[in-house]
Amino acid sequence: MTTTTRTLPTTSSTGGRARGTAVASTVAMLVIGLAFLVPLLWVVLASFDTEASLSVAWPSNWSFGNFQAIWNAETTFRPLANSLILCGGATIVTMVTAVLCAYPMSRFRFRAKRPLLLTIIFSTGLPITAIMIPVYSLFVQVNLIDSMFGAILFLGASSLPYAIFLTKGFMDGVPVDIEESAWTEGAGVLRALWSVVLPLMRSGLAVATIFTFVTMWGNFFVPFMLLLSPENLPAAVTLYTFSSQYGQVAYGQLAAFSIFYSLPVVALYLFLGRTLGQGFAAAGGVKG
């Protein structure tokens, strides 16, 4: 009878392989980080350069001329205010509706639950451009073209499927036992949802809210189709005003405007980002 012996890898070879993997991962992350850093660096440098171009270059003369050129209501303040009204209102509509739709899908069993969930998942992948022509025709018939209220409703409705999908996933992580204890104390369904479920899933609500707002904030096609008056256009649409009729672009002013354009998103992340690292507030609160 012959016996076979298996040679185990030595500790040095295993450690060398692990160090090689760590080095390769670090290099890959540095390359990806630089790919994202270069456009941000261009925005910052070009905003202080009155003769900025598409190349990343150190300004020969630092100047606030680009910020002074856009520091007016027509170019910056009114479009940003329209964006805040449009995206803020649509985000509120989306999140309130998403919570009310996700709650019965998370807590109750009914026959149409699975088909409804599959329909919602399918709707998340439906491109918005595929339905804009019939939506535009419908808005013309109901006289909602160039209406901020109508644009808020449609923008909120178009973001609703993914918001429901996200909210339901986070709501499933809240144990029903905690909610049932509130029911025994006399709380109704809406009261338990508001006072028990939502506080426990605040980190999930923050994620869904940030994702919904950021998606709407960068949406160009919907307000471009539904809003016609210049005084109603949001900042995402007025970006094309930095291009002249001859195809020339004021890159410095565009970079300065981009900084103002990104501030609301950064402010929302800083405001809601504090809850992202808290996780599930009731972890360990229910004994098995």
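Me: What makes D172 and K168 a salt bridge?
Reply: The closest N and O atoms of D172 and K168 are 2.9 Å apart. A salt bridge is a side-chain nitrogen of Lys or Arg within 4 Å of a carboxyl oxygen of Asp or Glu, so the pair qualifies. The structure holds one salt bridge.

Me: What do these values rest on?
Reply: The model is predicted, so local features need pLDDT of at least 70 and side-chain atom pairs count only at pLDDT 80 or more, while totals for chains, interfaces and linings use all residues. Residues are numbered from 1 along each chain as its sequence is written, and side-chain values use heavy atoms, with hydrogens and water left out.

Me: Why are D172 and K168 separated by about one helical turn?
Reply: Because they are four residues apart in helix α7, residues 160-172. Helices here are DSSP runs (H or I, at least four residues), numbered from the N terminus.

Me: Why is K168 called buried?
Reply: Its relative accessible area is 13%. Buried means under 20%, exposed over 50%, and partly exposed in between (1.4 Å probe, protein chains only), so K168 is buried. D172, with 40%, is partly exposed.

Me: Is C87 buried or exposed, and how do you know?
Reply: C87 has 3% relative accessibility and therefore counts as buried. C101 has a relative accessible area of 29% and is therefore partly exposed.

Me: How many disulfides are there, and by what rule?
Reply: The count is zero. The rule asks for a pair of cysteine sulfur atoms within 2.5 Å.

Me: What makes the nonpolar surface patch?
Reply: F108, F110, L116, V176, W183 and V189 make a patch of about 470 Å². Patch residues have over 30% relative accessible area and no salt bridge, and nonpolar side chains (Val, Leu, Ile, Met, Phe, Trp, Tyr) are joined within 5 Å. Areas come from the Shrake-Rupley method with a 1.4 Å probe. W183 lies in helix α8, residues 176-184, and at 32% relative accessibility W183 counts as partly exposed.

Me: Where is S63, and why is it called partly exposed?
Reply: S63 sits in the loop between α1 (11-47) and α2 (65-70). At 25% relative accessibility, S63 therefore counts as partly exposed. S63 and F48 are 15 residues apart in sequence, with their C-alpha atoms 5.1 Å apart.

Notes. Patches are made of residues with over 30% relative accessible area and no salt bridge: like charges are joined within 9 Å, nonpolar side chains (Val, Leu, Ile, Met, Phe, Trp, Tyr) within 5 Å. Helices (H or I, at least four residues) and strands (E, at least two) are DSSP runs, numbered from the N terminus.
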